Amino acid sequence: MSATDFTTTIKVDQSPEDVFNAITNVRGWWSEEVEGNSAKLNDEFDYHYEDVHRCKVKLIEVVPNKKIVWLVEQNYFKFTEDKTEWTGTKPTFEISEKEGQTELHFTHFGLVPEYECFDICKEGWTNYIQNSLLKLITTGKGAPNASGKPQTDTEKKLSSK
């Protein structure tokens, strides 16, 4: 792991199984417009948010209640010069038990400050992990985006262009 890969952590009182099940419910916390499956090894799904961001993701490692690794196979950003910046990166969810709580440590391996999208992606992942996924785990209802339903300030700005 590079010290510059984006990372964020949350702790909850729910079980590792609850956290794992929430992560695999990508429609419940990231986007209502995900197409495909997102729970088992080799599942693939397409994420898109309007004409702002699209990507194709494959689950390349799944250890129930412990770890999920995505591989971004294709990516498109409307707002960067290199539209494919995420291609080949690995968003990784690691679940562990610490001091009576469940900890989710998220690292987007390959998402580094040198990327033009880094600040926007940092804002997005922080919102989707620290807010939407956390809400899905703790209340059963996340805050995913959808066309006409931006969740981050950047999505709101880019949606209006």
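Modeller: In what follows, a helix (DSSP H or I, at least four residues) or a strand (DSSP E, at least two) is a DSSP run, numbered from the N terminus. The model is predicted, so local features need pLDDT of at least 70 and side-chain atom pairs count only at 80 or more, while totals for chains, interfaces and linings use all residues. Residues are numbered from 1 along each chain as its sequence is written, and side-chain values use heavy atoms, with hydrogens and water left out.

Colleague: What makes a space in this structure a cavity, and how many of 30 Å³ or more does the search find?

Modeller: A cavity is a set of points, on a 1 Å grid over the protein atoms alone, where a 1.4 Å probe fits but cannot get out. The search of the whole structure finds one of 30 Å³ or more. The largest cavity holds about 200 Å³ of space, where a volume is the space filled by probe spheres set on points joined across faces, edges and corners.

Colleague: Which residues line the largest cavity closest to its centre, and which element gives the largest share of the lining?

Modeller: A lining residue has an atom within 4 Å of a cavity point. There are 17 of them, and Tyr47, His53, Ile120, Gly124 and Glu155 are the closest to the centre. Strand E3 (44-49), helix H3 (118-139) and helix H4 (153-159) each give two or more residues to this lining, and H3 has the largest share, with five. By type, the lining has twelve nonpolar residues, four polar and one charged; Ala, Val, Leu, Ile, Met, Phe, Trp, Tyr, Cys and Pro count as nonpolar, Asp, Glu, Lys and Arg as charged, and the others, Gly among them, as polar.

Colleague: Why is Glu97 called exposed?

Modeller: Exposed means over 50% relative accessible area, buried means under 20%, and partly exposed lies in between (1.4 Å probe, protein chains only). Glu97 has 65% relative accessibility, and therefore counts as exposed. Its place is in strand E6 (residues 90-98).

Colleague: And why does Ile137 count as buried?

Modeller: Its relative accessibility is 9%, so the label is buried. Ile137 is in helix H3 and, apart from neighbours within four places in sequence, is in contact (heavy atoms within 4.5 Å) with Ile10, Val12, Gln14, Val19 and Ala22. Ile137 and Ile23 are 114 residues apart in sequence, yet their C-alpha atoms are 8.5 Å apart in space.

Colleague: Why are Asn42 and Asn65 called partly exposed?

Modeller: Asn42 has a relative accessible area of 49%, and so it is partly exposed; Asn65, with 27%, is therefore partly exposed too. Asn42 is in the loop between E2 and E3 and has a positive phi of about 75° although it is not a glycine. Asn65 is in the loop between E4 and E5, and its phi, near 65°, is again positive in a residue other than glycine.

Colleague: What makes a set of residues a nonpolar core, and which members of the largest one touch the most others?

Modeller: A nonpolar core is a set of buried Ala, Val, Leu, Ile, Met, Phe, Trp, Tyr and Cys residues joined through side-chain atoms within 4.5 Å. The largest has 39 residues, and Trp29, Trp30, Trp70, Trp86 and Trp125 touch the most other members; H3 gives the most to this core, with eight residues. Not counting residues up to four places away in sequence, the contacts of Trp29 include Trp70, Phe93, Trp125 and Tyr128. In soluble globular proteins, nonpolar side chains tend to be buried together.

Colleague: Why is one side of strands E1 and E2 left without a neighbour in the sheet?

Modeller: The sheet is open, with seven strands in the order E1-E7-E6-E5-E4-E3-E2 and antiparallel pairing. Strand E1 (6-12) and strand E2 (35-36) stand at the edges with a single partner strand each, so one side of each has no neighbour in the sheet.

Colleague: How do you know that E4 and E5 pair?

Modeller: Two strands pair if DSSP finds at least two bridges between them. Strand E4 (residues 53-63) and strand E5 (residues 67-77) have ten, in the antiparallel sense, and therefore pair. Gln74 in E5 is the bridge partner of Lys56. E5 and E6 pair over three bridges, with Ile68 opposite Phe93 in E6. Seven bridges join E1 to strand E7 (residues 101-109), and Lys11 stands opposite Glu103 in E7.

Methods:
On a 1 Å grid over the protein atoms alone, a cavity is a set of points where a 1.4 Å probe fits but cannot get out, and a pocket is an open set with protein on both sides within 12 Å along at least five of seven lines; lining residues have an atom within 4 Å of a point.
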